[in-house]
Amino acid sequence: MPNASSAGTIDVGGDLTVNRFGYGAMRITGPGIWGPPADKGEAIAVLRRVVDAGINFIDTADSYGPDVSEELIAEALYPYPEDLVIATKGGLLRPGPNMAWPADGRPEHLVEVAEGSLRRLKLDEIPLYQFHRPDPKVPFEDSLGAIVELKNQGKIRHIGLSNVDEEQIRIAQRMTPIVSIQNRYNVDDRASETIVDLCEQESMVFLPWAPIQDLDKNPTIHEIAERHSASARQVVLAWLLGRSPAMLPIPGTGDLAHLEDNLAALDLKLSQAEIASLTRTS
């Protein structure tokens with residue numbers, strides 16, 4: 001059976017070593033990322049299978065549900081395995097199913113939701129807390145300053161950023177160590193290409209969100225999949241692992257069959273030529 005340990009390891013913040021194949025817990029919520037899942041038993045089973053498969057990095061956010069994803073993680077997995085790193089995020093709102101995600105970067109909001117995440121996840125300290133998205137209505141330094149203060153209070157171990165550009169990363173680095181960046185990145189969305197390289201150069205982890213998108217639009221993916229008797233999903237996950245040692249894929253699903261399909265990517269070894277052919281595709 002595939003095991004996440006076969007992807008090798010990566011250090012988060014220099015002191016948290018995890019297998020380089022994680023899990024994103026957004027889709028264990030209800031339809032439209034709203035409310036409880038249609039099948040709570042399957043959501044719990046997915047989370048437990050994740051851990052059984054050697055995945056020891058789980059990414060979530062208070063806005064997933066809202067609150068639902070974090071609550072299910074605790075219900076399924078607490079008390080947690082010693083090596084499990086749970087990363088969560090704050091700074092987005094979830095007003096309803098299939099609706100836009102408004103930003104709320106007010107310091108008081110970030111403090112409130114971070115403390116809520118601590119309670120829901122049953123943690124004394126969040127291993128990795130990520131600012132979900134800068135809020136254009138709030139100075140970036142004010143939002144991040146609230147998260148830094150939470151770290152100073154011992155409620156957060158490491159700080160990461162999400163949906164940011166290089167200028168924002170540099171501003172943040174002048175305020176506090178930044179250990180991870182979570183931006184949208186996949187074969188056909190390469191806007192963060194230089195951010196991936198920056199993470200590799202500066203020992204930050206890059207967490208690609210929406211890693212499996214628009215697979216039908218890219219014939220190269222399907223050519224490689226056919227060559228290896230693999231699925232298109234497996235090809236793009238294997239490509240991410242080959243793209244950069246800073247990459248920590250976090251494919252998400254609330255479905256056990258999809259989870260097994262994702263895990264099978266761990267057994268797929270692409271050639272350097274195949275990795276390069278997808279890296280050139282944009």
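**From a loop residue to the sheet and its helices**

Asn-163 lies in the loop between β7 and α5 (166-173), where helices (H or I, at least four residues) and strands (E, at least two) are DSSP runs numbered from the N terminus. The model is a predicted one, in which local features need pLDDT of at least 70 and side-chain atom pairs count only at pLDDT 80 or more, while totals for chains, interfaces and linings use all residues. Residues are numbered from 1 along each chain as its sequence is written, and side-chain values use heavy atoms, with hydrogens and water left out.

Leaving aside neighbours within four places in sequence, Asn-163 is in contact (heavy atoms within 4.5 Å) with His-132, Arg-133, Pro-134, Gln-168, Gln-182, Asn-183 and Trp-209. Asn-163 and Ser-192 are 29 residues apart in sequence, and their C-alpha atoms are 9.4 Å apart in space.

The sheet comes next. An open sheet is formed by 7 strands in the order β3-β4-β5-β6-β7-β8-β9, with parallel pairing; two strands pair if DSSP finds at least two bridges between them. β3 (23-24) and β9 (205-209) stand at the edges with a single partner strand each, so one side of each has no neighbour in the sheet. Strand β8 (residues 180-184) pairs with β9 in the parallel sense over 5 bridges, and Asn-183 stands opposite Pro-208 in β9. Helix α4 (residues 140-152) packs on the sheet, where α4 touches β6 (126-131) and β7 (156-162), and the direction of α4 makes about 160° with that of β7.

Helix α6 (residues 193-201) has as its buried residues Glu-193, Ile-195, Val-196, Leu-198 and Cys-199. What covers these residues of α6 includes α5, β8, β9 and α8. Just after α6, Ser-203 takes a positive phi of about 60°.

Helix α8 (residues 232-243) also packs with helix α10 (residues 272-280), at an angle of about 95° and with the axes 10 Å apart; axes are lines fitted to C-alpha atoms, for helices over the stretch in contact, and angles run from 0 to 180 degrees between N-to-C directions. The two helices α8 and α10 are therefore roughly perpendicular to each other, the word used for angles of 65 to 115 degrees, whereas angles under 35 count as roughly parallel, over 145 as roughly antiparallel and the rest as oblique. Val-235, Trp-239, Gly-242 and Arg-243 of α8 make this contact with Ile-275, Leu-278 and Thr-279 of α10.

Two buried residues complete the walk. Ile-33 is found in the loop between β3 and α1 (40-52), and at 9% relative accessibility Ile-33 counts as buried. The C-alpha atoms of Ile-33 and Pro-97, 64 residues apart along the chain, are separated by 6.0 Å. Beyond neighbours within four places in sequence, Ile-33 is in contact with Met-26, Arg-27, Tyr-64, Gly-65, Arg-94 and Trp-101. Arg-49 has its place in helix α1, and Arg-49 also counts as buried, at 15% relative accessibility. Not counting residues up to four places away in sequence, Arg-49 touches Met-1, Pro-2, Leu-256, Leu-259, Glu-260 and Leu-263.

Key
Buried < 20%, exposed > 50% of the residue type's maximum accessible area, 1.4 Å probe, protein only.
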